[in-house]
Protein chains: 2
Amino acid sequence: MGQFAEHTGLSAGANGVYAGEIHPGWDVLGNANGGYLMSMLGRAALLESGRPDIISLSAHFLAPGRPGPLTATTTSLKQGKRFATTRVDLTGPDRLILSGTVITGDLRDGEGPTLVNQNAPDMPAPLDCPRTVADPDGMFPPPFMLKVEQRLHPDDAAGATGEPRVRGWFRLLDDEPLDTTAAVLASDFLPPTVFNTDLPVGWVPTVQMTVHFRKRPTTEWLLVDSVTHFVQNGTFEIDADLYDDSGELVAQSRQLLLIARA
Amino acid sequence: MGQFAEHTGLSAGANGVYAGEIHPGWDVLGNANGGYLMSMLGRAALLESGRPDIISLSAHFLAPGRPGPLTATTTSLKQGKRFATTRVDLTGPDRLILSGTVITGDLRDGEGPTLVNQNAPDMPAPLDCPRTVADPDGMFPPPFMLKVEQRLHPDDAAGATGEPRVRGWFRLLDDEPLDTTAAVLASDFLPPTVFNTDLPVGWVPTVQMTVHFRKRPTTEWLLVDSVTHFVQNGTFEIDADLYDDSGELVAQSRQLLLIARA
């Protein structure tokens, strides 16, 4: 078993309750990465529904997740022919951390007409992009960068564009294969878009995040293209589109975050 | 009280349960418009949390809503200083219709830096755009077009662009003022983007929808700009950005839908 599968693993208890653990090293300043927590939320829904793929995952961030034991409490809302819908609450030792609803199904079942009017961004090949390494001081880039391999577009790695957009390649370590739970992690792993602009760099907590899957990820790398259009009124959005090696869309995500105060 | 407020009104019962009604005329072929149902879901969270504005509303569509009595069952997940998070289940006479989670707060409280890199689309003034009228046969445009005033961009009204984009103005009837619950309705009121393309026209049910508010709507009209980038694998997304009269962003929504089969 690969490290990601191990560190997001859940063991089934009675009545739709699963036990897991927030492993150390996935945090920044003690708070677990949101994508890592959402991966566990998605895994609980997959286990409970018996379906192979996440179709849509929607999560509300209620409290920081600290390393330690975690309980995933699932409630089946619907077991349809094509999709299952499962509510999942992730609870730490003392409080609710993440509450979400997950649609699961089989992404190989999709059929219908195709119409695409957006292309994957131009990117150098993964190994021609610089790998993000963690800052030993532990703040930024955060230590959880050691848990995956992330390679940013050279312009974004240099913070040279001034635009609220970050593009990067993502893969798991040690040839661990990607699945939809890992792609959820990928959707929330890039440095925040606004760090490429003149806006203050600081804590930008996610309030709500939704990921919709459009194709099962099967290639080694995922290309993540994240962009922000509106910083206003104390909040901003990050929209991330995930493509596979062949340039086909795998998922679209959107999160609402609080902007750092000056 | 205006018709919209009346038709989405809820009366409080005990233990966070509210009673409402799916009013006739908001449906197409007997199924209530999704935005109309989400407006009631948002209203339940506003009432239960005691906050004035929806900040973020996320909903999963589980079964069609038919005219008749409706129960909104709320559960408070968090009562924070800035935001409250409330889970809401809308149940009809025999089953769960819509399950959602709503963040509420006061949109006047937002502050922070501003960075905008997307403009409202060029649109003729509302009264220079043709008003959408319902087809007397009852299918498309659906009869619920009588419940609001919608005026499409002339090119979109003519179905002339061939592009999966629809732009329109929205206001309530009889000078009823807009609020965030009405803006939720506006976010899901335009004809589906794909109807402007060569793809088959048919039933395109929403699976999941999320609306994030970025400013309190206070003007008479809302401008809704909806676009689709990817139809693939049996599903498509509609992203809608809502602007007020002054061109400032009010909300962003995204929904995942099933594409009609040929």
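Guide: Let us begin with Asn233(B), which is buried, because 20 other C-beta atoms lie within 10 Å. Please note that this is a predicted model.

Visitor: Where in chain B does Asn233(B) lie?

Guide: Asn233(B) is in the loop between strand 14 (230–232) and strand 15 (235–244) of chain B.

Visitor: What about the phi of Asn233(B)?

Guide: The phi of Asn233(B) is positive, about 65°, although the residue is not a glycine. Asn15(A) likewise is not a glycine and has a positive phi, of about 60°.

Visitor: Is Asn15(A) buried or exposed?

Guide: Asn15(A) is exposed, because 7 other C-beta atoms lie within 10 Å. Asn15(A) belongs to the loop between strand 1 (11–12) and strand 2 (17–22) of chain A.

Visitor: Back to chain B: where is Thr219(B)?

Guide: Thr219(B) sits in the loop between strand 12 (206–213) and strand 13 (222–227) of chain B. Thr219(B) counts as partly exposed, since it has 15 C-beta neighbours inside 10 Å.

Visitor: Which residues does Thr219(B) touch, leaving out those up to four places away in sequence?

Guide: Thr219(B) touches Asp244(B), Asp245(B) and Ser246(B). Ser246(B) is 27 residues from Thr219(B) in sequence, yet the two are 8.3 Å apart in space, C-alpha to C-alpha.

Visitor: Now the helices. At what angle do helix 2 and helix 4 of chain B pack?

Guide: Helix 2 (residues 34–49) and helix 4 (residues 180–187) of chain B pack at an angle of about 155°, and their axes are 8 Å apart. An angle over 145 degrees counts as roughly antiparallel, so helix 2 and helix 4 of chain B are roughly antiparallel to each other. The crossing of helix 2 of chain B with helix 4 of chain B is right-handed.

Visitor: Which residues of helix 2 and helix 4 of chain B meet?

Guide: Helix 2 of chain B contributes Gly35(B), Tyr36(B), Met38(B), Ser39(B), Gly42(B) and Arg43(B). Helix 4 of chain B contributes Thr180(B), Thr181(B), Ala182(B), Val184(B), Leu185(B) and Ser187(B). By class, this contact has five nonpolar, six polar and one charged residues.

Visitor: Let us change topic to chain A. How many residues of strand 12 of chain A are buried?

Guide: Seven of the eight residues of strand 12 of chain A are buried, so the strand is mostly covered.

Visitor: Which strands pair with strand 12 of chain A?

Guide: Strand 5 of chain A runs antiparallel to strand 12 of chain A, with five bridges joining them. In that pairing, Ala59(A) has Met209(A) as its bridge partner. Strand 16 of chain A also pairs with strand 12 of chain A in the antiparallel sense, over seven bridges. There, Thr210(A) is the bridge partner of Arg254(A).

Visitor: And the two chains together: how many residues of each are in contact?

Guide: 45 residues of chain A are in contact with 45 residues of chain B. Among the strands that each supply at least two residues to the side of chain A touching chain B are strand 5 (53–61), strand 12 (206–213) and strand 16 (249–258). That side of chain A divides into 17 nonpolar, 21 polar and seven charged residues.

Visitor: Which strand of chain B is joined to strand 14 of chain A?

Guide: Strand 9 (residues 115–116) of chain B is joined to strand 14 of chain A by two bridges, and the two strands run antiparallel. Phe230(A) stands opposite Val116(B) in strand 9 of chain B.

Technical notes: Residues are numbered from 1 along each chain as its sequence is written. Chains are lettered from A and ligands numbered from 1 in the order in which they are written. This is a predicted model: local features need pLDDT of at least 70, side-chain atom pairs count only at pLDDT 80 or more; totals for chains, interfaces and linings use all residues. Two residues are in contact if their C-beta atoms, placed from the backbone, lie within 7 Å. Helices (H or I, at least four residues) and strands (E, at least two) are DSSP runs, numbered from the N terminus. Ala, Val, Leu, Ile, Met, Phe, Trp, Tyr, Cys and Pro count as nonpolar, Asp, Glu, Lys and Arg as charged, and the others, Gly among them, as polar. Two strands pair if DSSP finds at least two bridges between them. A residue is buried if 20 or more other C-beta atoms lie within 10 Å of its own, exposed if 12 or fewer, and partly exposed in between; C-beta atoms are placed from the backbone. Axes are lines fitted to C-alpha atoms, for helices over the stretch in contact, and angles run from 0 to 180 degrees between N-to-C directions. Angles under 35 degrees count as roughly parallel, over 145 as roughly antiparallel, 65 to 115 as roughly perpendicular and the rest as oblique. A crossing is left-handed if the near helix is turned anticlockwise from the far one by less than a right angle, and right-handed if clockwise.
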